[in-house]
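Hi,

Here is the structure I promised to pass on. Have a look at it first, then read my notes below.

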Amino acid sequence: MKITLVSSKAIKPAYGVAPSTGEAVPLTVLDKVNFDMHFSGIYLFRPQGPCSADLEAGFAKALAEYREWAGRLAVDTQGRRTILLNDAGARFAAAVADVALDNVMPLEPTPEVLSLTPSAGDGEELMLVQVTRFTCGSLVVGFAAHHLVADGRALFNFLMAWGQATRGVAIDPVPVHDRASFFKPRQPPKVEFEHRGAEFEALRRREINTVPGKRITVARVHFSREMISMLKSQASATASAPRRRPHNTLQCVVAHLWRCITRARGLNGDTTSRLHIAVDGRSRLRRPQVPSGYTGNVVLWARPATTVQEEGLVPAANATKRVRSPDMEVFSLMGLPSRDLDFGAGRPFLYMPSYLPEEEGVVFIVPSFSGDGSINAQVSLFSEAMEIFKGCCYSALEGGDARL
């Protein structure tokens, strides 16, 4: 698969009446403790999608509703990191592939995927998209979005708005930009819970080891609805005490992956392994309640821990390799609107996170686009541990197919 870049330009918001530029929006406490980097993914669409001119026009209209993505990160006079609403623009790239999309399916998380996502590099742009057309007329849309600006739900809301603007329909949900009203310190200060070592300090200070010379590989494993039911059944059978409600799908799948990854790493039995799992706070926070259209970060972190020898079910940037072992970091797209992007020719048939070649111990949980209740997990491990992990992942579930 050869991808050729046709054009690349900065797109500015398309306003009816242009607002004043130069306003700075301070990052909230939940923005500032997030990852200071871009995160990326790709959507795959069957023929025939809209032309690039229509996609570009829709992108400009969506940016007018979500000015943050056309701005730049800055520091104000008080030393606070902010989003400068200067309408400098977001990157829009158009590319073509030399093959039909079916010729490269199933598209696995390999280095080839990087050619379908825009490279943020050292640029200042907070949002970059790349539209790649295949010879069959299929369309692949890749994005790179800065995590200090928004979390996954807010990012997918913007992408949906892009599709809605391209189709000429109303933007839904309506974006809520007022970050100043949320997560303000109480006056006078009142500390009810210990957050150091949980959401904040632990996230900023998480230890990432470096292991030069080892190769990290990424694989996608597939859990059918039947396999998930089997995991739930096993979890109920081995529960040490009665529960008021059964383990849910995410808990069972993540716990199974945690055990398999731990075994594949070959860690000592007394080693403590921590699971860092990102949780969308919109449905959990009450004072204040955060609307679904909020455009910033509302990610909280759950951090269960256990020793390697314990096998029970636990509820749930630089050039060197970034290694989280013995820990594991999980990002779940369950319940997020990852499947709702529509430019006028129907929804995508696949969404996948981009290939992360330098991130050992990272797991993405993505609902299958088949709509049959199955789940895909994208896992990154050292190559020598990957085959052990795959064997463990299915051996307890009477076999299975790791491909889509």
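The buried residues of helix H2 are covered by, among others, strands S1, S6 (90–97), S7 (127–133) and S8 (139–146), together with helix H3 (152–167). Bear in mind that this is a predicted model.

H2 itself runs over residues 52–65, which is 14 residues. From its first C-alpha to its last it reaches 20 Å, close to the 20 Å expected at 1.5 Å a residue. Its buried residues are Leu-55, Gly-58, Phe-59, Ala-60, Ala-62, Leu-63 and Ala-64. When you look at that list, remember that an α-helix has 3.6 residues a turn, so residues three or four places apart point the same way.

**H2 against H3**

How do H2 and H3 pack? Their axes come within 8 Å and cross at roughly 125°. The crossing is right-handed. On the H2 side the contact uses Asp-54, Leu-55, Gly-58, Phe-59, Lys-61, Ala-62 and Leu-63, and on the H3 side Phe-158, Ala-161, Trp-162, Ala-165 and Thr-166. Sorted by class, that gives eight nonpolar, two polar and two charged residues. Leu-55, Gly-58, Phe-59, Ala-62 and Leu-63 turn up both among the buried residues of H2 and in its contact with H3.

**H6 against H7**

Helix H6 (residues 249–265) and helix H7 (residues 383–395) have axes that come within 8 Å and cross at roughly 140°. H6 brings His-256, Leu-257, Cys-260, Ile-261, Arg-263 and Ala-264 to the contact, while H7 brings Ala-385, Ile-388, Phe-389, Cys-392 and Cys-393. By class, the contact has nine nonpolar residues, one polar and one charged.

Is Val-6 buried or exposed? With 56% relative accessibility it counts as exposed, because the cut-off is over 50%. Setting aside neighbours within four places in sequence, Val-6 touches Ala-94, Ala-95 and Val-96. Val-96 is 90 residues away from Val-6 in sequence, yet their C-alpha atoms are 7.0 Å apart.

Cheers

Key:
Residues are numbered from 1 along each chain as its sequence is written. This is a predicted model: local features need pLDDT of at least 70, side-chain atom pairs count only at pLDDT 80 or more; totals for chains, interfaces and linings use all residues. Side-chain values use heavy atoms; hydrogens and water are left out. Buried means under 20% relative accessible area, exposed over 50%, partly exposed in between (1.4 Å probe, protein chains only). Contact means heavy atoms within 4.5 Å. Helices (H or I, at least four residues) and strands (E, at least two) are DSSP runs, numbered from the N terminus. The expected span of a helix is 1.5 Å times one less than its number of residues. Axes are lines fitted to C-alpha atoms, for helices over the stretch in contact, and angles run from 0 to 180 degrees between N-to-C directions. Ala, Val, Leu, Ile, Met, Phe, Trp, Tyr, Cys and Pro count as nonpolar, Asp, Glu, Lys and Arg as charged, and the others, Gly among them, as polar. A crossing is left-handed if the near helix is turned anticlockwise from the far one by less than a right angle, and right-handed if clockwise.
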